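Let's take a friendly walk through a protein structure, moving from single pairs of side chains out to whole chains. Keep the sequence and the 3D view open as you read.

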Amino acid sequence: MKEVKNIFKLANLEYREDENLLNDLENIIKWVNILNEIDLNLISEDKNHKIMELREDKIKKFNNRNQIIKNIPEKEDNFFVVPKVINNG
Amino acid sequence: MDEILVKKYYELIDMINKKEISSEEVYNSFINRVESIDSKIKAFITIDKKREFKPGKLSGVPIAVKDNISTNGLKTTCGSKFLENYIPPYDATAVARLKEDGGTIIGKTNLDEFAMGSSTENSAFFTTRNPWDLERVPGGSSGGSAAAVASFQVPVALGSDTGGSVRQPAAFCGVYGLKPTYGRISRYGLVAFASSLDQIGIIARAPKDIAIVLKYIAGFDSMDATSSKIETEDYTNFFNINPSETKIAALKFPKDSLSDEMKNSYEEYIEFFVKKGFIIEEVELKYWKYGLFVYYIIASSEASANLARYDGIRYGNRVASDNIESLYLRSREIGFGKEVKRRILMGTYSLSSGFFDEYYLKASKVRNTITKEIKNLFSNYDFIVSPTTPEVAFKIGEKIDDPIKMYYSDYFTIPLSLGGFPAISIPFKKDKKGLPIGMQIAANHFNERALLSLSDFIENEIKFENNILGGIE
């Protein structure tokens, strides 16, 4: 199941073969396939989607910076610490 | 003490403002109640220990808030290991608007992880018990909020409803649960699950209590681009219901979609409207039954995008690693529970190249068709009625290993969510075992005032009795 492996990758989830997750996923996909019995030509195309209003991009002061910093799982001098993401030359 | 606990939210506010009782007295009665019974119900994840009363009309009367609604300085876990220690740096708009007039948050209630589930069994911490029968689920995902209200630990609670997560637990716990029109209450600070469906809802033991809370929290908010600019109303000012001028559509469903007991109760519900002189007709909708499938494609797709933010870098769970890929993968593997992973995978699949047209796009088209079909009904009828759930509260463990069986819990609530319609679950009667049965009323967009008025009319007629105050032992 190469396809399934790719879904895990896209979802940023660890792929483990032994898990019931695979079965569940397959069953759910089969289950929603019931929508195939609807003839899409019979249902109208037009959308009632409202177009979202845009607002001005204004800077607003946020006054609780400390709590944001407190929530960082690993930090140094108020900076986020991350593993190295650039490979050596 | 019990005399305070059984009072409605509006009565307590009134008594405090008339100085018949103090904010402290009211608050302490409820805190004592929580301390004495919540070890059995397990409705709360966190209790606010600060006990501060800000001045205002709502001061001291406790409100419970579902733990996926942000509270400044108070842990907001979403029922997930990923956010076990997360403390929001701001209040959700709904919470902020209550606090502005003294609203007092007593604590945060349990839920299915990220609001994905129908029983609270998907909470990473514990399962909440149904106060009517501790062996049964309270429903979900706002199960903690519904159980807290039903067991007199608070008079009102906030929940969130994406496909039925306020209405279904309200039905299982014998209380009222309103999901307002999409856009009526700001979603700012409600942790996103499926953004085109999520809506904050209100749970209480009286329609009037829901109306008061709605009055405070409804209305446009510049922080939520999907919140509506349509004027709010005084929701506490109920319309006079004149049955002979009120047209109701009673939805017809396939026989196997309801338990026998539910089927009989639904007939009784329809009979109630007939007897009171309402104009009521049975109506069958062709596309309703597809709602469930459409929902699991759309909600999962949106969830897979919304939950991509949990990467272990800025907040939440982090599993240390020397490379970034494995840091993401390990943090998410340890942080997320089973159901959340299922939905992320389902959503990723629906959105992935090669499957997008067949799943997400098709589901969106059917969603529009369902919405239109319901909207059309409202050109002829004022209200649509149905049961809230296919059956009464089920036993803990009964469906947890069969996700699809669990998904059917929302058969009657989902199509209305897909269309953004307001709907309420009302406690209608009890079954032979004494378990509550909830019935649903839906109205056209932004008709919350009418919805609450009819609910109040029904309450005054049937007087549903919650007799569990002393009964949880």
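The side chains of A:Asp24 and B:Arg342 come together in a salt bridge, with 2.8 Å from N to O. A:Asp24 sits in helix α2 (residues 20–32) of chain A, while B:Arg342 belongs to helix α11 of chain B, so this pair joins two chains. Both A:Asp24 and B:Arg342 are buried. Please keep in mind that this is a predicted model.

**A closer look at B:Arg343**

B:Arg343 is found in helix α11 of chain B. Is B:Arg343 buried or exposed? Its relative accessible area is 4%, so B:Arg343 counts as buried. Which residues does B:Arg343 contact, leaving aside its neighbours within four places in sequence? They are B:Met116, B:Gly117, B:Phe193, B:Tyr296, B:Ser300 and B:Tyr407.

**Salt bridges side by side**

Over all chains, the structure holds 22 salt bridges. Here are some of them.

| Side chains that meet | N to O |
|---|---|
| A:Asp24 and B:Arg342 | 2.8 Å |
| A:Glu14 and B:Arg330 | 2.7 Å |
| B:Asp224 and B:Arg187 | 3.7 Å |
| B:Lys215 and B:Asp234 | 3.4 Å |

Let's look at two of these pairs within chain B. The side chains of B:Asp224 and B:Arg187 meet in a salt bridge. This pair links distant parts of the chain, 37 residues apart: B:Asp224 is in the loop between α7 and β7, and B:Arg187 is in the loop between β5 (176–179) and β6. B:Asp224 has a relative accessible area of 6%, which is under 20%, so B:Asp224 is buried. B:Arg187 is buried as well, with a relative accessible area of 14%. Not counting residues up to four places away in sequence, B:Asp224 touches B:Ile185, B:Ser186, B:Arg187 and B:Tyr188.

The other pair is B:Lys215 and B:Asp234, whose side chains also form a salt bridge. Here B:Lys215 lies in helix α7 and B:Asp234 in the loop between α7 and β7, 19 residues apart.

**Where the two chains meet**

Now zoom out to the contact between the chains. How many residues does each chain bring to it? Chain B gives 61 residues and chain A gives 49 residues. The size of an interface is often given as the accessible area lost when the parts come together. Between chain B and chain A, the buried area is about 5100 Å², and carbon and sulfur atoms give 65% of it. On the chain B side, B:Phe293, B:Arg318 and B:Leu345 lose the most area to chain A, together 13% of what that side buries.

Four salt bridges are counted between chain B and chain A. The rule also finds 15 residue pairs in polar contact across this interface. Several helices of chain B take part: α9 (291–306), α10 (324–335), α11 (338–351), α12 (357–377) and α13 (403–407) each supply at least two residues to the side that touches chain A. Helix α12 of chain B gives the most, with ten residues. By class, that side has 33 nonpolar, 13 polar and 15 charged residues.

Chain A itself has three helices and two strands. Along the sequence they follow the pattern α-α-α-β-β. Of its 89 residues, 28% count as buried.

**One more helix in chain B**

Finally, find helix α4 (residues 93–100) of chain B, where B:Thr93, B:Ala94, B:Val95, B:Arg97 and B:Leu98 are buried. The buried residues of this helix pack against β2 (62–66), β3 (104–109), β4 (156–161), β6 (199–204) and α7 of chain B. After α4 of chain B comes B:Gly102, with a positive phi near 90°.

Methods: Residues numbered from 1 in each chain as written. Chains lettered and ligands numbered in written order. Predicted model: local features only at pLDDT ≥ 70, side-chain atom pairs only at ≥ 80, totals over all residues. Heavy atoms only, no water. Contact = heavy atoms within 4.5 Å. Buried area = accessible area lost by both parts, 1.4 Å probe. Polar contact = N/O pair within 3.5 Å; in protein donor to acceptor, adjacent residues only side chain to side chain. Helix = DSSP H or I, 4+ residues; strand = E, 2+ residues; numbered from the N terminus. Nonpolar A, V, L, I, M, F, W, Y, C, P; charged D, E, K, R; others polar. Buried < 20%, exposed > 50% of the residue type's maximum accessible area, 1.4 Å probe, protein only.
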